[in-house]
Amino acid sequence: MSFKDTVKEDIQNIFFNTDEFASEHILDGKEVVIVVYNEKLSSISATKSNDYDGIFNTGLFNSEIVFYINEEYIENEFFVGQLVNLDNNDYRVDKSTKVGSVYTVALGAFDS
């Protein structure tokens, strides 16, 4: 067994173990096992404007939920702006990244 196989097995058997870190949820009508990182997150980032006045614009990034999900539950990759339903609540995808076989997904409020 290679190192990558060992890590993948550990991720599945420990990180996504419902007796350890993970819990069952309903994502777009499908039962999935995910690890919820935090139920309320917000961070503020400052970026310099394109103007020459040196003024910084403050961008506010609010995500309500960040979760980790194993690729085995994913039919199509997440994309920014995608609407998803998690546990009968509608959200939009703020950010999605994949490392190895695990997606990290940040969800924000969906204003209908």
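Predicted model: local features only at pLDDT ≥ 70, side-chain atom pairs only at ≥ 80, totals over all residues.

Of the 112 residues, 27% count as buried.

Next, colour the chain by secondary structure. If contacts are displayed between residues at least 6 apart in sequence, 49% of them join residues at least 24 apart.

Now colour by confidence. The mean pLDDT of the protein is 79, with 77% of the residues reaching 70 or more. Select residues 42-60: pLDDT stays under 50 over this stretch, for which the model has 19 contacts beyond four places in sequence.

Which residues touch the most other members of the largest nonpolar core? Select Leu 27, Phe 67, Ile 69, Phe 78, Leu 86, Val 105 and Leu 107; these hold that position in a core of 15 residues. At least two residues of this core come from each of β2 (30-38), β5, β6 (83-86), β7 (89-99) and β8 (102-109). Apart from this core lies another, of five residues, including Phe 16, Ala 22, Val 33 and Val 102.

Centre the view on Leu 107 and display its surroundings. Not counting residues up to four places away in sequence, Leu 107 touches Ser 63, Glu 64, Ile 65, Phe 67, Val 84, Leu 86, Tyr 91, Arg 92, Val 93 and Asp 94.

Proceed to Asn 70, which lies in strand β5 (residues 65-70). Is Asn 70 buried or exposed? Its relative accessibility is 6%, and Asn 70 therefore counts as buried, the cut-off being under 20%. Beyond four places in sequence, the residues that Asn 70 touches are Gln 12, Phe 16 and Ser 101. One of these, Phe 16, also belongs to the five-residue core.

Finally, select Ser 101, found in the loop between β7 and β8. Ser 101 likewise counts as buried, because its relative accessibility is 8%. Leaving aside neighbours within four places in sequence, Ser 101 is in contact with Lys 8, Ile 69, Asn 70 and Glu 71. Among these partners, Ile 69 is also one of the residues listed above for the largest nonpolar core.

Methods:
Residues numbered from 1 in each chain as written. Heavy atoms only, no water. Helix = DSSP H or I, 4+ residues; strand = E, 2+ residues; numbered from the N terminus. Buried < 20%, exposed > 50% of the residue type's maximum accessible area, 1.4 Å probe, protein only. Contact = heavy atoms within 4.5 Å. Core = buried A, V, L, I, M, F, W, Y, C linked by side-chain atoms within 4.5 Å. pLDDT = per-residue confidence, 0-100.
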